[in-house]
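This report covers backbone geometry first, then the chain as a whole.

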Amino acid sequence: MKKLYPDAAAALEGLLHDGMTICAGGFGLCGIPERLIDAIQASGVKDLTIASNNAGIDGEGLGKLLRTRQVRKMISSYVGENKEFERQYLSGELEVEFCPQGTLAERCRAGGAGIPGFYTKTGVGTLVAEGKEVKTFDGQEYILERGIRSDISIIKGWKADESGNLVFRKTARNFNQPMATAGKVCIAEVEEVVPVGALDPDHIHLPGVYVKRMIVGAPYDKKIEFRTVRERTPRQVAEQAGA
């Protein structure tokens, strides 16, 4: 089966509909499927439920879909860098299901593995546990968390071969991998596609059986959430002044 599509719009054709659930890979602005997010925005699909570590920042990443009011619900673990997210949540425009970071990753991994639920200590005795089943194991309480399944998964990889075997780069591996398996259809955007056999089998992070469609999204402009620089020392200030 030919998996490589000419662009993001073509790769998403026939898959998008109002009210759908999407699992989106990435961590902050690292390893996010930028081209696929742009294509979803351009499609105008709405009332989306999106499971993602976060919602990007204002105007970048999934923040683009928040800005255009295409998202009805976010299932996230961290939302602190997005003012529009905060505004929509506090005004009741956006439904939010907060989920501890490790629990979110495991919920998606479990969903992809066909596991409908699992018990965890994380969140016991907090707001996270409200309305959830509590069970005692070896004298300690655990709460039931449900696995997550989505209509599609959108992920970002570094290299892929023509069969869809995928390699992630550094931090991009943490959420892209479990998100990929949770979707009924996984669409991957990558920086480079190489011939089958060019990747070391021991270095493949996601087997091609999970990837149904691919695009090459390069080149990318590296975006940084907060650019911080070291303050200059008095000596550096003096040297710059010519002292």
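## A cis proline in a loop

Pro219 sits in the loop between β11 (213–216) and α7 (234–240). The peptide bond from Ala218 to Pro219 is cis, with omega near 5°. Helices (H or I, at least four residues) and strands (E, at least two) are DSSP runs, numbered from the N terminus.

This is a predicted model: local features need pLDDT of at least 70, side-chain atom pairs count only at pLDDT 80 or more, and totals for chains, interfaces and linings use all residues. Residues are numbered from 1 along each chain as its sequence is written, and side-chain values use heavy atoms, with hydrogens and water left out.

Most residues other than glycine have a negative phi, and most peptide bonds are trans. Asp138 has a positive phi, near 50°. Asp138 lies in the loop between β6 (134–137) and β7 (140–146). Its relative accessibility is 80%, so Asp138 counts as exposed. Exposed means over 50% relative accessible area, buried under 20%, partly exposed in between (1.4 Å probe, protein chains only).

Lys170 also has a positive phi, near 55°. Lys170 belongs to the loop between β9 (166–167) and α6 (173–182). Lys170 is exposed, at 66% relative accessible area.

## The whole chain

The chain has seven helices and 11 strands. Its C-alpha atoms fill a box of roughly 70 × 50 × 40 Å along the principal axes. Of the 243 residues, 44% are buried.

Among contacts (heavy atoms within 4.5 Å) with a separation of 6 or more, 72% join residues 24 or more positions apart.
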